[in-house]
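The sequence and structure come first.

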Amino acid sequence: MNRYYLTTPIYYVNDVPHLGTAYTTIVADAISRYHRLRGHDTRFLTGTDEHGEKIERSAKEKGIDVRKFVDDASARFRDAWPPLGVEFDDFIRTTDKRHVEVVQDLWERCRKNGHIYEGTYEGLYCVGCEGYYTEKELTPTPEGLLCPMGTHKPAEKVKEPTFFFRLSAFEQRLLDFYEKNPGFVSPESRRNEVMSFVKGGLQDLSISRTSFSWGIPVPGDTRHVMYVWFDALTNYLSALGPEGTSLRSRFWPPDLHLVGKDILRFHAVYWPAFLFAAGFDEAHLPRKVFAHGWLTINGQKMSKSLRNVVEPLKLAEVFGTDVVRYYLLREINFGQDGDFSHAQLVARYNAELADSLGNLLNRTLGLCAKLRGGGVAIDPTSARGELEARLEEQAATAVLGSMAAWDEVAPHRAIESTWTLIRAANKYVDEAAPWAEAKKGDAGKARVDVILATALETLRWISALIWPVMPEVSAKIRAQLGVLPLAPKQGEDLLRLHWEPRSDTSGLSLGTPVFPKIDADRQAAIFAELGVVAAAPEPSSEKAEKADKKGDKKPKAPLEPAAEITYEEFARLDLRIGKVVSCERVPKSDKLLKCQVDVGEPAPRQVVAGIGKTFAPEDLVGKQVVVVANLKPAKLMGLESRGMILAASGEGEGDLALLAPGKERAAGVRVK
Ligand code: MSP
């Protein structure tokens, strides 16, 4: 039988659960539910990361005993997930005894195999992300050198005795591993990043600290505590218990580590190297590390103050848990950066949940009540025609498409596939028009039966397809259909659906709508409750004047339209969707980025873009952009540029917004 072991990162307890961490956890839950639905022996692990200098400092700043601090904070995480519909199998804490023992054992194995040695570390350390950096990797600012992970405090110089891990010895082995296992780092663009990082050369890694004590003691030398990432990564192993125990043999190695792009290097480079060093062979390494992008909120970077507005539990209370889950999984192409927007949530809710799925359910049940009320027998097949055959086929396609998408860790595509079926089913009801058949009296009876039975059967399939994302909604829909809620069991594939239209209308109940429409008044009330500012109101002249006195900007005068052009002139522009395949800074320029952009041609094009003050190269890789593809080639700082990437200006060169399609589009698609 298939088994599936997946993990979220373990969360630092100096923070509280927020939308970013909720996002990863909800995605993990949906994937785990998908595997349960397929009958796989599934294990879903999450937990908290509780050691390290950052946590020790946070507790001290608050004047709380560290152990009490981590106990309370860890409980906040554990309690945050179930109200978001998240059902984990295990919650690991790095302060658990079971964890400490396995970490010390892993250390000993690495040491005995000759991969740990003593020395002195002198260099830069960022306490914010608990990472070591070379000066080159950091950005100089007036406050000091800042790490690329967006931590706000500068990196600190440290010099202390340490144990080193011989990371440099694993360079080639890692590269061979990535070559042989192309799916290990996903998505592809991230894999390229990781490989070029390793190809750039690996330095030995300091894996112990002596300047604080809140960590796992190094076996045999208790002056040292372990580097928090050596400790933390091992949670995925320790949660299964020591070698030889049943969970370990049943679930190791993990099938999927879900991580944010900021912690990919730790998972894709350090973690397999630690495991190699401890004696694990390739067959016993994790199968996939999938790095997802970062969320912004209403277009802005997540900050402590913004987080209040999108406190996940509050959102779930207001909109409903399943709606928040649906929105997050549908809105963001998993792997890419995305935006959480309240307005967009409401728009999707109304269009996709209320008008599409909700409507299909209500109208079908409404028609049943009207045309075949009272639990009567219906004949589901005798008048079956082409429309029914087509819908059945579309249902089968939706199931296959959705399964393939989940298997490829693409929840947004699984949802899209399901909604294709929902739209098809609505169209089917329109076209089959049972109300018109009913008017024919006895002559139309058989058709009415078939149409109702077909729509009900499609809804039953849909209730299974949405279960990983919206388990509660699935149960509600099934209750209205008069079928039992899904109860996944190992070994039973509940997505192996059989087309079995029913032969009576008993058990149907047209209940309260699952998705009542959110009208403008309700939206305003919700936004007020959440403290969301829907759109910045235009400052009145009085307000603008005041703002101006305070030094704030006045609203700009409207732009004069440029000289008119004809459509033919416009059509001469070759505007296309491009996808940034790789990107690097142009040496000695803080503005220029050299990008290789796939514009649907056999090879990517080189485009040199003046957007480097707003974007770091890694922000762009994998992004979709709009390219002027027939711009005369030009040379910028000696580099050929064949095209231009479109961006909208803001408050200067550090504030550009890239133009991108509202939906994923294939590279090379024409923009017109
Ligand atoms: N403790 C480490 C992980 C150790 S795993 C062995 C850690 N913890 S964290 O709490 O800081 O971050 C956990 C995860 O939350 C990361 O994957 C990070 O990418 C994710 N997110 C934090 N803010 C986020 C957004 N704004 N958007 C999406 N995810 C983000 O790192």
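Leaving aside neighbours within four places in sequence, with which residues is G375 in contact?

The model is predicted: local features need pLDDT of at least 70, side-chain atom pairs count only at pLDDT 80 or more, and totals for chains, interfaces and linings use all residues. Residues are numbered from 1 along each chain as its sequence is written, and side-chain values use heavy atoms, with hydrogens and water left out.

G375 is in contact with T505 and S506, once neighbours within four places in sequence are set aside; contact means heavy atoms within 4.5 Å. G375 sits in the loop between α14 and α15 (386-407). Helices here are DSSP runs of H or I with at least four residues, numbered from the N terminus. The relative accessibility of G375 is 37%, so the residue counts as partly exposed. The classes are buried for under 20% relative accessible area, exposed for over 50%, and partly exposed in between, with a 1.4 Å probe and protein chains only.

## Domains

The chain is divided into domain 1 (3-292), domain 2 (340-535) and domain 3 (537-672), with bounds from an automatic or database domain assignment. Between domain 1 and domain 2 the C-alpha centres are 42 Å apart. Their contact takes 18 residues from domain 1 and 20 residues from domain 2.

## Nonpolar cores

A nonpolar core is a set of buried Ala, Val, Leu, Ile, Met, Phe, Trp, Tyr and Cys residues joined through side-chain atoms within 4.5 Å. The largest one has 100 residues, of which F319, L328, M470 and F515 touch the most other members. Helix α14 (residues 342-372) is the greatest contributor to this core, with twelve residues. Domain 1 and domain 2 each supply at least three residues to this core.

Not counting residues up to four places away in sequence, M470 touches D322, Y326, L353, L357, W419 and F515. A second, separate core has 74 residues, including Y132, M195, L285 and V289.

## Helix packing

α14 packs with helix α19 (residues 471-481) at an angle of about 10°, and their axes are 11 Å apart. Axes are lines fitted to C-alpha atoms, for helices over the stretch in contact, and angles run from 0 to 180 degrees between N-to-C directions. α14 and α19 are therefore roughly parallel; angles under 35 degrees count as such, over 145 as roughly antiparallel, 65 to 115 as roughly perpendicular and the rest as oblique. On the α14 side L357, L361 and L365 meet I477, Q480 and L481 of α19. This contact has five nonpolar, one polar and no charged residues, where Ala, Val, Leu, Ile, Met, Phe, Trp, Tyr, Cys and Pro are nonpolar, Asp, Glu, Lys and Arg are charged, and the others, Gly among them, are polar.

Helix α1 (residues 19-37) and helix α13 (residues 321-331) pack at about 90°, with axes 10 Å apart, which makes α1 roughly perpendicular to α13. L19, Y23, I26, V27, D29, A30 and R33 of α1 form the contact with R325, L328 and L329 of α13. By class, seven of these residues are nonpolar, none polar and three charged.

## The loop residue T234

T234 lies in the loop between α7 (228-233) and α8 (235-238). Its relative accessibility is 0%, so T234 counts as buried. Apart from residues up to four places away in sequence, T234 touches H99, V102, V103, L106 and W271. T234 and L106 are 128 residues apart along the chain, and their C-alpha atoms are separated by 8.1 Å.

Definitions and conventions:
Helices (H or I, at least four residues) and strands (E, at least two) are DSSP runs, numbered from the N terminus.
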